[in-house]
Amino acid sequence: MSVLKPEVWTIAEMSGGALKGVSFELLARGRALADKLGVELVSVVLAPSVTDRVLRELIERGADAVLCVEHPALADFVCETYSRVIAGLAVERAPQIVLAAATTSGRTLMPHVAISLHTGLTADCTELDIEEGTGNLLQTRPAIGGNIMATIKTPENRPQMATVRPKSSRPLERDPYREGRIERVVFSPSAVETRVRVLDMERDVVGFENLEEAHIVVAGGRGLKKAENFQLVRELADALGGTVGASREAVDRGWISYPHQVGLSGKTISPRLYLCAGISGAIQHLAGIKTAETIVSINSDPEASIHKVADFAIVGDLFEILPRLTAKLRQRAAQSAYTEQEGGRP
Amino acid sequence: MDILVAIKQVPDTDKVKMDPETGTMVREGVESIVNPLDLYAIEVAIRLKERHGGKVTVFTMGPPAAEKALKEAIAMGCDAGVLISDRAFSGSDTWATSYVLSRAVGVMGRYDMILTGERATDGDTGQVGPCLAAWLDIPILSYAGSLEAREDRKVVVRRLVEEGYQKVETEMPCLVTVVKEIATPRLPTLRGKKFARQTKLTVYGAADLGIDAGCIGLKGSPTKVAKIFYPKVTREGEMVRASNGADVAAAVDKLIAFLDERDLIGT
């Protein structure tokens, strides 16, 4: 592995002093690309302060090196500050590829950096590969609500930049013996001067769901008939250890708040399991769930579009099915807890 | 307050039907509309004008037919419209598009705030807003769920992010991208429609904007589309019917077995 060859970078994300899962997903993507190119994979971390112990996990999950910039002004995401730091590092070290997560931060930061570096950026990629011969990054993304897939290249400009859809790849297993180096970069204070002040971060908003990072999403739509019936969805989500989503119809009727909305005018998600009830599957809704690993639909209309994209479809009355499913799952959980307890006895 | 609203004309996905075989969109004969997510930006701009006075100018880059989108925004309550249109612009990616928009903003004169939707429902990149802020070197506040403009020229925004809301403050001029929960867009009024018909749009081509020809269109775009393909989104999964009580019990058991098989039930 030559250190002179331009590196592949991933931009790690932190929240409340811990690395977020997307940081490791990006490393799994970056590792495959770096191996094909025979170059180093570098994870870039911006933080107010962070220990080697925390950063080590990036190495154990695929990075050859960690590039860490510490400054109190980097405690919260502020686009222009982050952009200036990352663009500055990129000018200095000239990576050939820069990947970030297609999160609210990544999707704000990367376009800003791309302008500074005069290079191309592809949004929300679900597949990445290296082109034979040219070594160019092949960036594949859904467009027009997931109805077409486009493979995009940035042949002339460097770095090649992409944001990657969260949950579209799995982190590598942690390897405690993996070796790598941690580089701490000292940055001039003027780089972090900003016109934007962070006043507050409201984390525990009542009824707020972090849909993008959920492994399991249980969603309800117009078929629930009224706001109170969302309780059936909440209970099932609870029994499955999932979070609650909703269709646009349910949100527009005021049954549940906007942060729950899945689809073209809401959130695009890729959970391991998307289970929905009383949702017909309008194009806009399907756009938000097409990359879910498993889709389960419950709808009384056998012709509903949602059934066509489902891996498992039940044509039936959600008011009968949801309570029974929830009860069965709870029963099982109680049984397995009981068995464990029994088994644990001396 | 002088506000610029950047909008895009997109195909009306609401009226689009799905091909039952492939699950892809049937795009023939689809009408063009104002990007639904830009309607929230238009609404916020009009409310700010109603409260603080000033002028709202809506602008878009697109073919001549995009005039219709501008007129619709004016019918809602915007005061003026600017169409940025030139054959040379076609094929521009987000880098080139935001470059053209930034040149147009430069020509349009003084402004306090630029508002735009979080993304367009066709391209779905959400990149043009942050790119435009970078070109203009003004602060960007993205994913705004609420916005407050103060008399001292401070702008306070609550950004809807994965973990909750980040509350941030900056000074004008700035660029804000908004999400749906910020406001409910109004419908155009008859008076508004009449005003829109009478309003003459400003049209800019490449020559009016002092554009560097190497920075626009397919040639000036750093990204190139290498391939387009249509994914088959129908999954042909298992379908069970549950029309009576016994069916429901069987269907639920079958679903649980299916979830188990895919290791989706936590233990």
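Predicted model: local features only at pLDDT ≥ 70, side-chain atom pairs only at ≥ 80, totals over all residues.

Guide: Residues are numbered from 1 along each chain as its sequence is written, while chains are lettered from A and ligands numbered from 1 in the order in which they are written.

Visitor: Which peptide bond has omega near -5°?

Guide: Pro159(A) lies in the loop between strand E10 (148–153) and strand E11 (160–164) of chain A; helices (H or I, at least four residues) and strands (E, at least two) are DSSP runs, numbered from the N terminus. The bond in question is cis and runs from Arg158(A) to Pro159(A).

Visitor: What is omega for the cis bond joining Met172(B) and Pro173(B)?

Guide: In chain B, Pro173(B) is found in the loop between strand E11 (164–171) and strand E12 (174–178). The cis bond joining Met172(B) to Pro173(B) has an omega of about 0°.

Visitor: Is Asp124(B) buried or exposed?

Guide: Asp124(B), not a glycine, has a positive phi of about 65°, and lies in the loop between strand E8 (113–117) and helix H4 (128–136) of chain B. A residue is buried if 20 or more other C-beta atoms, placed from the backbone, lie within 10 Å of its own, exposed if 12 or fewer, and partly exposed in between. Because Asp124(B) has 20 C-beta neighbours inside 10 Å, it counts as buried.

Visitor: In which strand does Tyr143(B) lie?

Guide: Tyr143(B), a residue other than glycine, has a positive phi near 55°. With 24 C-beta neighbours inside 10 Å, Tyr143(B) counts as buried. Its place in chain B is within residues 140–149, strand E9.
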